[in-house]
Amino acid sequence: MTDRLSELTAAGVAVWLDDLSRVRLSSGGLDQLRREQHVVGVTTNPTIFAKALADADTYDWQLRDLAIRGVEVEEAVRMLTTYDVRWACDVMRPSYDGSQGVDGRVSIEVDPRLAHETEKTVAEAKALWWLVDRPNLYIKIPATEAGLPAITATLAEGISVNVTLIFGLDRYSQVMEAFLAGLEQAKANGHDLSKIGSVASFFVSRVDSEVDKRLEKIGSDEAKTLRGKAAVANAQLAYERYGEVFSSDRWQALADAGAHPQRPLWASTSTKNPDYRDVIYVEELIAPGTVNTMPESVIHAYADHGETRGDTITGAYDAARRVFADLESVGVDMSDVIAVLEQEGVEKFEASWQELLDGVRRSLAAAGQGTGRPGQAAQGNADAAQKAGGNA
């Protein structure tokens, strides 16, 4: 049988899983994906954690312990989520060691309510880095106006960063500038640049969702022919900018000091429109030095019928620019599209974070009253806690 994910990896795309839960960890499912499906990284977000904690009783024993201690809900959320991320870091450690620190990374996001507060974002990034205490951790910081200086300041502390919620080309250029400035400061601060990693998470499918909605509203035949083209074109032009920045003399000076480039990471790669090929945001975004973080369903879909046709990005820049010109000609304002998506992205994660807080608050109350389901709190959880290097 053709190993399509192996072919994708050979083409320069790092396959990451966009999901995490304690069930996946305790069952060995994550390790199986690492060993059998070429998965070399994990991303999380507030939505993923809200779903994980709502759907499983594997957290009950820890919730009970937290309730007994009288821990406040926000601290409880961090104890629960960092426990999972620490465990995942240990599962992915072979990939980290085997790639000299490039892959094998696991991401955890700062509180999305801090997206517009620079100093608080940096402070939480430092706290999460200390709390998880694993070299293959990424701290996710949103690419808002306030997030940009936070990215620089966090990297300057020697902390690895996953920059999230990038939608537009100009903001992506600002993110790369923040990365370079952060590494330059880290070097001046005496940090080993070879230990610092970063990816820039460029969101894909949400762009098509927003643009297609506007094209449908315009309604002309010309507009309708542009459906499903904006997201890939946007990402392809982002990779062009990546190539320009990471071939510069400024970058070379950092590379000579041991730095790894900040790889573009294609996020939101499941198709929202059932009319589109389910692996389009993988097949059309293949190029060396990239990451594609996928839900497990997309990983399995690509393993089943994905087509690796070599580099599908670098030869497409002119075609991508034509897509942008055509969108403008029919009346789609891409700058407004990007502004809407960034605002919505932060708001959605804030809503998920609140959902997570509310769910944990209810669970703590139930556990404190003795009405929660204790779950498997005995030796199995003690063994898991030791393996994860964490505690309640």
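Visitor: How do the residues of the lining of the largest pocket divide into nonpolar, polar and charged?
Guide: One thing to know is that this is a predicted model. The lining of the largest pocket has 7 nonpolar, 12 polar and 11 charged residues.

Visitor: Okay, and which residues lie nearest the centre of that largest pocket?
Guide: Those are D18, N45, R206, S268 and K272, out of the 30 residues that line the largest pocket. The space in there comes to about 520 Å³.

Visitor: Which elements give two or more residues to the lining of the largest pocket?
Guide: The helices are α4 (46-55), α11 (205-218) and α18 (334-368), and the strands are β5 (161-166), β6 (198-203) and β7 (263-267). Helix α18 gives the most, with 5 residues.

Visitor: New topic: how many residues has helix α10?
Guide: Helix α10 has 20, running over residues 169-188. From first C-alpha to last, α10 reaches 29 Å, close to the expected 28 Å.

Visitor: Which residues in α10 are buried?
Guide: Quite a list, including L169, Y172, F179 and A186. Just after α10 comes G190, which takes a positive phi of about 90 degrees.

Visitor: What about A301, is that buried or exposed?
Guide: A301 counts as buried because its relative accessible area is 10%, and the cut-off for buried is under 20%. A301 sits in helix α16, residues 296-305.

Visitor: What does A301 touch, beyond residues up to four places away in sequence?
Guide: A301 touches D278, V279 and G306. D278 is 23 residues from A301 along the chain, and their C-alpha atoms are separated by 7.3 Å.

Methods. Residues are numbered from 1 along each chain as its sequence is written. This is a predicted model: local features need pLDDT of at least 70, side-chain atom pairs count only at pLDDT 80 or more; totals for chains, interfaces and linings use all residues. Side-chain values use heavy atoms; hydrogens and water are left out. Helices (H or I, at least four residues) and strands (E, at least two) are DSSP runs, numbered from the N terminus. Buried means under 20% relative accessible area, exposed over 50%, partly exposed in between (1.4 Å probe, protein chains only). Contact means heavy atoms within 4.5 Å. The expected span of a helix is 1.5 Å times one less than its number of residues. On a 1 Å grid over the protein atoms alone, a cavity is a set of points where a 1.4 Å probe fits but cannot get out, and a pocket is an open set with protein on both sides within 12 Å along at least five of seven lines; lining residues have an atom within 4 Å of a point. Grid points are joined across faces, edges and corners, and a volume is the space filled by probe spheres set on the points. Ala, Val, Leu, Ile, Met, Phe, Trp, Tyr, Cys and Pro count as nonpolar, Asp, Glu, Lys and Arg as charged, and the others, Gly among them, as polar.
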